Amino acid sequence: MLVPSIFNHNFMDDMFDDFFPRVPAASARPQLNKTGLMNTDVKEFDDRYELEIDLPGYKKEDVQASLKDGYMTITAQHEESKDEKDDDGKYIRRERYSGHCSRSFYVGDIVTEEDIQAKFADGILKIDIPKKEAKPEIEEQKMISIG
């Protein structure tokens, strides 16, 4: 059925599905939610925050996390290329996919890279961020020596 693209459905996919049926295992491209952002659950505990970020289709080596100026940035990048040729070497189908997504969270200026724990398994990135309070600076009294 042809459906206009305003319904988040590409009518060209239906047309090509008639000629090249999709195989479930072959469509293992990374999928994000419809807004293009990484689905993230944030849980608050007494001593920490726990983030669970869904990154289906990505591998551990595709994901990077960095911390700068109090912002933790998660970046995922994936590239895939599939070529199929007939016996004469002519292309029957040639598909390429390249995807990149990124999301930032403010974690505070006093949190360091060593404080943050991250683990990636089964397409889910789990990050533990400890709660830290800024310690008030003790004003040091400076004495002037009198000679």
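In which strand does Ile124 lie? Ile124 belongs to strand 7, which covers residues 124-130. Before I continue, please note that the model under discussion is a predicted one.

Let me begin with the surroundings of Ile124. Its relative accessibility is 28%, so Ile124 counts as partly exposed. Leaving aside residues up to four places away in sequence, Ile124 touches Glu52, Ile53, Asp54 and Lys119. Ile124 can also be placed relative to Tyr58: 66 residues separate the two in sequence, and their C-alpha atoms are 9.1 Å apart in space.

Glu52 is located in strand 2, residues 48-54. Is Glu52 buried or exposed? Glu52 counts as buried, because its relative accessibility is 17% and the cut-off for buried is under 20%. With residues up to four places away in sequence again left out, the contacts of Glu52 include Asn39, Thr40, Asp41 and Lys43. Glu52 also touches Ile124, Leu125 and Lys126.

In soluble globular proteins, nonpolar side chains tend to be buried together. In this model, the largest nonpolar core has 19 residues, and the members that touch the most other members are Leu55, Met72, Ile74 and Ile127. At least two residues of this core come from each of strand 2, strand 3 (63-68), strand 4 (71-85), strand 5 (91-106) and strand 7. What does Leu55 touch, not counting residues up to four places away in sequence? Leu55 touches Met38, Val63, Ala76, Phe120, Gly123 and Leu125.

Finally, I would draw attention to Lys135, which is found in the segment after strand 7. Lys135 has a relative accessible area of 76% and is therefore exposed. Along the chain, Lys135 and Ile110 are 25 residues apart, while their C-alpha atoms are separated by 9.4 Å.

Thank you for your attention.

Terms used: Residues numbered from 1 in each chain as written. Predicted model: local features only at pLDDT ≥ 70, side-chain atom pairs only at ≥ 80, totals over all residues. Heavy atoms only, no water. Helix = DSSP H or I, 4+ residues; strand = E, 2+ residues; numbered from the N terminus. Buried < 20%, exposed > 50% of the residue type's maximum accessible area, 1.4 Å probe, protein only. Contact = heavy atoms within 4.5 Å. Core = buried A, V, L, I, M, F, W, Y, C linked by side-chain atoms within 4.5 Å.
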